[in-house]
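Dear colleague,

Please find below the structure that I am handing over to you. My notes on it follow directly after.

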Amino acid sequence: LHILYICLFGEIMKKMISVKATNREIMDICKEISKMDVDCSIESKAAYTEELNDVSTLRIKIYGYDKNKIVEDYKSVMNLINRIHKKYNPNSKGLFEYYLSDIKYPINKNLILDALKSLKINFIYKEDENLIKCSLPFDKFNNILKELYDINTELNFVNVGSKPVRNIIVLVAYFTKKDINDIIDECIEKEFFRIENDKIVLNKDINLIKEYYNLEG
């Protein structure tokens with residue numbers, strides 16, 4: 001990524017960013033920039049094809065009358081470009097980076113981490129940044145989240161007492177492929193759950209449930 005030039009035309013200043021990126025990255029960049037308070041123009045030009053991914057040169061011209069605002073806008077756009085690049089391209093350790101705020105499906109953070117542990121996926125979670133560094137490519141990661149989300153949606157019709165109970169039911173259903181009602185019945189029978197005020201609540205340490213179903217603790 002390079003700053004090509006900064007110039008002043010009367011009172012209007014301009015700063016330009018030029019970067020090579022896949023069309024998928026460019027689409028994400030354009031979509032996110034459209035949500036930002038940045039005065040800019042964007043153009044792209046096809047560069048070459050690499051491993052069946054079309055790569056283009058993206059040029060972003062940032063305009064403004066306030067030098068400080070242009071500098072801040074530049075930093076914001078650069079951070080956005082770097083964030084999107086890391087989402088689709090692994091680092092030297094083979095890890096992609098996903099901010100939880102960017103995840104397509106609204107899945108509870110603890111459920112995501114438990115699923116990755118049980119799948120024995122190499123990952124690092126940085127709580128201060130709400131960031132997951134993970135060896136799964138973006139599409140595979142989202143496929144897992146979609147399955148978890150679909151199971152979680154089924155539980156909307158069940159009176160579950162707390163988020164940990166909901167999470168463990170979804171986790172067990174994802175790995176065992178059992179019906180959620182069968183899982184609930186089995187957990188009540190094994191006294192992992194109990195019914196309290198017409199709600200399904202936790203009756204024993206949740207790690208005992210994970211151990212019973214051979215899930216990672």
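Buried means under 20% relative accessible area, exposed means over 50%, and partly exposed lies in between (1.4 Å probe, protein chains only). This is a predicted model, in which local features need pLDDT of at least 70 and side-chain atom pairs count only at pLDDT 80 or more, while totals for chains, interfaces and linings use all residues. Residues are numbered from 1 along each chain as its sequence is written, and side-chain values use heavy atoms, with hydrogens and water left out.

I begin with I200, which belongs to strand β9 (residues 199–202); helices (H or I, at least four residues) and strands (E, at least two) are DSSP runs, numbered from the N terminus. I200 counts as buried because its relative accessibility is 8%. Contact here means heavy atoms within 4.5 Å. Not counting residues up to four places away in sequence, I200 touches V158, N159, V160, G161, V165, I184, F193, R194 and I195. G161 sits in the loop between α4 (138–154) and α5 (163–176) and, at 35% relative accessibility, is partly exposed.

Turning to charged residues, the search of the whole structure finds twelve salt bridges, each defined as a side-chain nitrogen of Lys or Arg within 4 Å of a carboxyl oxygen of Asp or Glu. One of them joins K210 and D114, with an N to O distance of 3.3 Å. K210 lies in helix α7 (residues 206–212) and D114 in helix α3 (residues 109–118), so this pair ties together parts that are 96 residues apart in sequence. Both K210 and D114 are buried. Another bridge links E186 and K178 at 3.2 Å, N to O; E186 is buried at 18% relative accessibility, whereas K178 is partly exposed at 38%. E129 and K126 also meet in a salt bridge, at 3.0 Å from N to O.

Finally, E154, D179, D182, D185 and E189 form a negative surface patch. Patches are made of residues with over 30% relative accessible area and no salt bridge, with like charges joined within 9 Å and nonpolar side chains (Val, Leu, Ile, Met, Phe, Trp, Tyr) within 5 Å. Helix α6 (residues 180–189) gives the most to this patch, with three residues. D182 is found in helix α6 and is partly exposed, at 46% relative accessibility.

With kind regards

Definitions and conventions
Accessible areas come from the Shrake-Rupley method with a 1.4 Å probe; for residues, only the protein chains shown count as cover. Lys and Arg count as positive and Asp and Glu as negative; His and the chain ends are not counted. The place of a charge is taken as NZ of Lys, CZ of Arg, CG of Asp or CD of Glu.
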